[in-house]
Amino acid sequence: MITGRFFAAGADRRIAITIFILLAVAIIVPLLNLAVAPTSSFYVPSYVVALTGKYLCYALLALALDLVWGYCGILSLGHGAFFALGGYAMGMYLMRQIGSRGVYGNPLLPDFMVFLNYGELPWFWYGFDHFWFAAIMVLAVPGLLAFVFGWFAFRSRVTGVYLSIITQAMTYALLLAFFRNDMGFGGNNGLTDFKDILGFNVQADATRSALFAASAVTLALAVLVTWAIVGSKYGKLLMAVRDAESRTRFLGWRAENVKLFAFTVSAVMAGIAGALYVPQVGIINPGEFEPSNSIEVVVWAAVGGRGTIVGPIIGALVVNAGKSWFTGVLPEFWLFALGGLFVAVTLFLPKGIVGMWDSWRGNARALRAASINEESGTHPAVPPPPKIIRSAARTPGDWSASGPEPQPAE
Amino acid sequence: MRRQGNQLILPGLTVVDFSTTWTATRPGELVLSSSPPGREVSTFKSRQKSMVFTRAIGLTLLLLLGMLSPSNAAEADLRAIIAKFATASNFSATEAVVRELVATGDTAVERPLGALAEGDLYVRKADSLVFIGKAAGGSVALLDPLSGEKSGDAAKSEITKIKVNNTLRRAIRDALGTLTLGAKDPAARIAAADTMFKTPDATNIEPLDAAIASEGVASVKALLEQARAASVLVSDRPEADKLAAVALIGGRGDRNALSLLTAVEANSEGAVKDAATAAIANINSTLALWDAGQNIWYGISLGSVLLLAAIGLAITFGVMGVINMAHGEMVMLGAYTTFVVQEVIRNSFPGLFDWSLVIALPLAFSVAALVGLVIERGVIRFLYGRPLETLLATCGVSLILQQAVRTIFGPTNQEVGNPSWMSGSFGIGQLAVTWNRLWILVFALGVFAVLLYVMKRTPWGLQMRAVTANRRMAASMGIRTPWVDALTFALGSGIAGIAGVALSQIDNVSPNLGRGYIIDSFMVVVFGGVGNLWGTLVGAFSLGIVNKFLEPYAGAVLGKIVVLVLIILFIQKRPRGLFALKGRSVEA
C-alpha cells in the first residue's frame, strides 16, 4: 500500500526525488572513492567521504527532531542525548572488538577500565561483544529512555517551553553522569581508539565507504518512514495535536499517546544516527550530551524548514558545510555566524529554506496565472486563487489563532 | 625552676636543642628565660642520646642565665638585640638572634618576631637599622619594630629584607606560642592555647598551670585548661588525672578534640581507653549536628546564588512568558562590568578599591538593562506569541554575546578581587562562615525585597501585574503594554547584571560564566512556579539546601543529577511549579 501511494502521489514527488538522490549517492560516492584512481578528477578523497558521511548522520538526527518538532510541536532540546546514547551503544561494541590489541593488552577489559583498576567487566557491558546485541541496544536504549521520559511528561501535560526546559535538563544530567569516571563509560575521554567493525578495519577506505553508503541508505529509509507516518491518518492526528492540542483532546483523542509514539520513534531514529556517526568519526565522548549541541540540531531543522521532510536534511547539510568552511577560514567568527543564524532564521525565515521556496514558487505560479489571464483579455469572475500552500496543516500555527503578542507563561 | 625543651631542626640535619626556663618570681607573673646551647649531630639516630647531654648543658647554662636575666628586659636592651638582625649573615645567625629575643621574656618582642615570620622585617642599608616594612605602592612604609609607630618611607632599593625559611618560621611560631601565654591581648593567649592544644607535650603542663593560675578571663582559662588536659594525656600522670582530662577534652567537642582523643584511644588501655571511646562517640554526635548546620548554611549560600541568578528570569518568564536563554550572558556581562570597574580603580584610584563593588552595581545594572532593552526591541518583540522561536532567537543572542566577550577580553578567566570587607571568615561554634558568602546572602535578600516592593507597591509593578493577569484588559485600560514588556525585560536583565557583580566574587569570570547558571536558574523558576517571586525564593533555597545535603552521600555531580531527576519528577506532579498562579490567567 505504501509503495502504491509512493508512486502514485504526484505531490510527494519531492520525497521520491530525495530518496532517489540518497540511494544514488550511496552507490556513486563509494565507487568514485574506491574504483577511480586518485589522480583522476572524478576521485572523491577519503576525508570527503568521512565528512559527508558525518553530515548524513546529522541530517538523520535533524529529521528525527523534525518529526517531533515540525509535525508534533514538541520542541525537544535533548535530542542530542538520544543521539549520544545510540553512539555509546555502538562505541561499546567497538570497544569490545578491540580485544587484546589495546595499549594494556587486556583481552576482556577496555583500556580505560584497566587504567581505572576495574577488576572485572561491569554488568552493563555484557553482550556488547555481539553486534546483534549492540544493534538492539542502539534502538532500545534511546527508545526506552524516550518512552519513559515521554510517558511521564506527556501524561501530566507538560507542554511548550516547560517541556523544552526539562528535556534540556535531561541531557544536562546525562552529560554530568557520563563525565564521571566511575560510571564505567570512559568518563571524560569517552570511548575511542576503535579497531574493527564486523571484522573490517574501521580506518580502511572500503569500510568508510560502506559506512557512508549505510548512512545514506538509512537516511533514505528514514525519509520513507517519516513520510509514511506523516501521510497516514496518524500523521493527521499528529498535526492536529501540534496545532490545537486541547481541541484534539476534546474530540476524544488521547493526545499524550499520539505524542509519545512520535517522541519514541524520533528517539530511536536519533539513536541510529548516533550509532552510524561513531564509527565514522572514531570517538564518542560526553561532549555529545552538551545542551548546546541539541540546540544546534534545532537550528538545522529550523534553517531547512520545519514541518517538511526534506527541509531538515537540507538544513543539516547546509549549516554543517558552512560550519566546516567557517571554522577553517574564520574560526573566531563561527559563533557569531551561528548566533546570527539563530536570530535571522526565527525573524526572517520562520518556515526555513524549503518553506520560503514553496511560498516563492506559489507566488510565482499565481502571478503567472494572472498574467496569462491578462493577455487573453478574459477577466476572471472569481478572484485569483489564493497562494498555493502545499499543505495547509503542515505549517505550524496556521490553525491556531494566537495573535502576535506575548502570552504570560503558562 | 623548671625547664621546657623545644626542638629545632635546621637544614643539613642540624638538631639544635633550645631550652627555655620558666621562673615564677611572684604569683601572677611569669618570666621566661632561655639559653641556646646549640649542638650539631650528624645523624638523626643519635639525637635522643645527645639530647640528654644537651639538656644537661642547657640546664646548667639556664641556671646561670635564669639568675642573671632581669624580670623585664629594658627597651634599650631589646633594641640592641634587634639591631643584631642587621649583621646576621645566614639563617642560623638570624635564629640565634631570635632565640636571644625570646630569652628576654618580654612580650614586646612579639611584634618584630611576627613581622620576621611574615617576611616583613627589613634592614635599612644606609644606617643598618631594623624596621618593619609595609609595602604601599612603589615604596615601603617603615615602622618601628617595637612600638609599631611610623618612622618614614623608603624605596625598595634602599632596604634589604631579612630572609626567613620554613624552619625559622616554625621556630618563631613555637617560641611565640609559649611566649604569648602571658600576652596582654586575650586573642594572643587564645591562639597560644590553641597551638598548645594541637601540639600536646608533657613539658607544657607546668607553664600552663602557671598561666591558668594567673588567667583572669574565663573563656581563655577554659581553653588553657583544655590545652593542659591535652598535655596531661601524653604525660605519665596517674590515671585519675587522665580521666579528668578526657572528660574535659570531650566537653570541647570539636574536630581537634576528636583527633586528639582518637590518638589517646589508640595509645592507652583500661579506663582511659573506655573513657576516650565514650567521649569520641559523644563528640561524633555533636559534630553530626554541627555538620547538619554547616550543610544548611552551605545550602542557604548556594540558594542565595541561585536566587540572584534566577530572580531576573522569573520576572521576564512570569510576565512575558519569554524564555530568555541569554539570561546567563547578562550575568556574565555584570561580572565583566565589575572586572572593568576594578581595572580602572586599580590603575587610577587605588584608594577606592573597597568601594569597587558599590560603584560596579549601578553600572552593571545599566549595562545589562541596556543590552536587554536592545534585545527586546530588536528581536523579541517580533516573536511574541511564539515562545519556542523566542527560545531559539535568544539562544543565538547568547552565542553572539559570549563570542563578543571572548573576542574583547580573551577566553581566559579574568581576576576580580575581593574588597577587604568581603574577604576572610568568622566562626560560630564549629561553623565557618565566609564574609563573601554572607554578604551575597544579604545582597540576594535585599534585591528580593526591593523587587517585591517594586512589584507590589509601585505603579509600574501594578502595571506589570495587570499585564501578567490579563494583557488585553490591561491594554484596554490604557496601559502601554509594549512599554511594560520592554521595561520588564530591561529590569530582568538588569537584575541579572547585578547578580553578575555578586557572582564575580565567588566564581571565575570567564565568557562561560553564564552557561553554568542558566539551567539551574530555569530549574529554580520552574520548580518555584512562574509569576510568583515568593515561589522563586522558596525554590532557590530549597534546591540549594537539598543539593548540599545530597552532596556528602552522593558526591557533587551525582547530587546534582539526583536534583535534576527529582525536579523532572516533581514537574510531573505539579506541572506549574510549587506556587502556581491560580485563576483564569493560567489557561489563557
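Which residue in β7(B) is the bridge partner of B:A141? In this predicted model, that partner is B:D153.

Now look at strand β4 of chain B, residues 121–124. Three bridges connect it, in the antiparallel sense, with strand β5 of chain B, residues 130–136. These two strands, β4(B) and β5(B), form a hairpin with five residues between them. In the turn you can find B:S128, which has a positive phi of about 55°. Strand β4(B) is also joined to β8(B) by three bridges, and these two run antiparallel.

## Domains in the two chains

Chain B is divided into domain 1, covering 188–268, and domain 2, covering 291–587. Taken over C-alpha atoms, the centres of these two domains of chain B are separated by 49 Å.

For chain A, the domain assignment gives domain 1 (19–350) and domain 2 (357–393). Here the centres, again taken over C-alpha atoms, are separated by 41 Å.

## Where the chains touch

How many residues does each chain bring to the contact? Chain B gives 48 residues and chain A gives 46 residues. On the side of chain B that touches chain A, at least two residues each come from α11 (271–320), α14 (387–409), α19 (513–528) and α21 (556–573) of chain B. The largest share of that side is supplied by α14(B), with 14 residues.

By class, the side of chain B that touches chain A is made up of 33 nonpolar, eleven polar and four charged residues.

## Helices of chain A

Helix α9 of chain A spans residues 233–243, and its buried residues are A:G235, A:L237, A:L238, A:M239, A:A240, A:V241 and A:R242. What covers these buried residues of α9(A) includes α8 (205–231), α10 (245–250) and α11 (255–281) of chain A.

Helix α11(A) has another partner to explore. Its axis and that of helix α3 of chain A, residues 46–69, come within 8 Å and cross at roughly 170°. Because angles over 145 degrees count as roughly antiparallel, α3(A) is roughly antiparallel to α11(A). On the α3(A) side, the residues making the contact include A:A50, A:G53, A:K54 and A:C57. On the α11(A) side, they include A:A262, A:F263, A:V265 and A:S266. By class, this contact of α3(A) with α11(A) has 19 nonpolar, three polar and one charged residues.

Conventions:
Residues are numbered from 1 along each chain as its sequence is written. Chains are lettered from A and ligands numbered from 1 in the order in which they are written. This is a predicted model: local features need pLDDT of at least 70, side-chain atom pairs count only at pLDDT 80 or more; totals for chains, interfaces and linings use all residues. Domain bounds come from an automatic or database domain assignment. Two strands pair if DSSP finds at least two bridges between them. Helices (H or I, at least four residues) and strands (E, at least two) are DSSP runs, numbered from the N terminus. Two residues are in contact if their C-beta atoms, placed from the backbone, lie within 7 Å. Ala, Val, Leu, Ile, Met, Phe, Trp, Tyr, Cys and Pro count as nonpolar, Asp, Glu, Lys and Arg as charged, and the others, Gly among them, as polar. A residue is buried if 20 or more other C-beta atoms lie within 10 Å of its own, exposed if 12 or fewer, and partly exposed in between; C-beta atoms are placed from the backbone. Axes are lines fitted to C-alpha atoms, for helices over the stretch in contact, and angles run from 0 to 180 degrees between N-to-C directions. Angles under 35 degrees count as roughly parallel, over 145 as roughly antiparallel, 65 to 115 as roughly perpendicular and the rest as oblique.
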